[in-house]
Amino acid sequence: MAAKDLKFLTEHDVRSVVSNLDVINTQRAVFPALERGEAALAPRALLPGPEDSTAFAYLARASATSLAVVKMGSITPRNSDKNLPVIHADVLVQDEYGTLRTIIDGETITLMRTAAASAVAIETLTTRHPKKIGLIGSGPQIREHISMIRELFSDVEFVIYARNPERRAALQSISGVRTVDAADKACTDVDVLLSATNSITPVVNRAWINSAELYISLGSFAPGRCEFDQETLKSATKIIVDDRITAAKQAGPIAHAVSEGSLSIESLTNLGQLIGNKRTETGFWIYNSVGIGVQDAAMAELVMQRALA
């Protein structure tokens with residue numbers, strides 16, 4: 001293949017061809033497609049590295065006739081101290097002949113599809129229109145989530161705890177955002193709680209959660225990554241995941257509970273089973289999202305269709 005035949009799509013290229021709602025719709029569609037056996041997902045590969053870093057690789061198809069999509073990259077928490085991106089990734093897309101044709105900025109794909117899936121989860125896994133959402137974290141995912149969630153819930157107020165004072169102050173400048181100086185204040189008197197951190201120790205205490213009917217954890221994406229503890233997990237009346245098999249092996253607190261026998265894989269519910277059916281049950285639900293390849297594949301396919309048309 002000649003180098004001139006290889007296409008590169010930057011963050012600007014991606015964001016110029018898809019809207020937030022476009023991405024939300026890819027996630028609304030692909031999780032049920034996975035549940036029906038139409039989307040194809042290979043096991044997610046994680047490779048631990050120094051200083052709590054993790055290299056990863058995902059391989060998937062959004063449908064039986066879709067192109068194969070690979071995302072590879074790394075999560076390097078120490079980069080935050082140097083004002084460098086914590087997540088680096090590239091999405092590689094083959095053509096119908098198996099030749100690598102396109103490389104897409106994977107950080108943008110990851111940010112947008114993760115936040116879109118969270119918006120779909122809030123839409124599906126809550127009994128009432130959320131008025132106040134608590135957020136814990138300060139990285140790009142937090143800003144992306146504010147934008148994406150407002151696509152579906154324009155009047156929502158965000159209460160955010162960020163450990164870094166400078167980042168906390170920067171978030172305060174966003175309209176409809178109130179920052180707080182302690183994690184428990186972001187967990188109390190909210191309808192939904194979401195954490196997006198790189199912590200290896202719990203950042204959420206069950207005793208702080210007094211009104212949220214849904215807690216979304218994005219940072220518990222690998223063994224040893226535990227944004228919440230076993231008591232919080234045990235208190236949940238339903239535990240939702242992207243994919244049972246993946247979560248049972250790689251979603252920190254869930255993988256721990258499964259390995260020690262206190263939680264069965266069968267008790268987990270895939271998000272794709274629930275999309276399209278609004279929640280009516282009461283109780284405290286947890287959605288532990290680790291992120292899976294079909295999410296990248298679904299968004300990448302749409303980006304390719306529009307950017308290369």
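The model is predicted: local features need pLDDT of at least 70 and side-chain atom pairs 80 or more, while totals for chains, interfaces and linings use all residues. Residues are numbered from 1 along each chain, and side-chain values use heavy atoms, without hydrogens and water.

The axes of H2 (residues 20-35) and H3 (residues 106-125) cross at roughly 70 degrees and come within 8 Å. H2 is therefore roughly perpendicular to H3 (65 to 115 degrees; under 35 is roughly parallel, over 145 roughly antiparallel, the rest oblique). Helices here are DSSP runs of H or I with at least four residues; axes are lines fitted to C-alpha atoms over the stretch in contact, with angles from 0 to 180 degrees between N-to-C directions.

I then listed the contact (heavy atoms within 4.5 Å). H2 gives Asn20, Val23, Ile24, Gln27, Arg28 and Phe31, and H3 gives Met112, Arg113, Ala116, Ala117, Ala119, Val120 and Glu123.

Next I checked H11 (residues 293-307), which packs on H2 at about 130 degrees with the axes 9 Å apart. That makes H2 oblique to H11. This crossing is right-handed. Among the contact residues I noted Val23, Gln27 and Phe31 of H2 and Ala298, Met299 and Leu302 of H11.

Notes. Helices (H or I, at least four residues) and strands (E, at least two) are DSSP runs, numbered from the N terminus. A crossing is left-handed if the near helix is turned anticlockwise from the far one by less than a right angle, and right-handed if clockwise.
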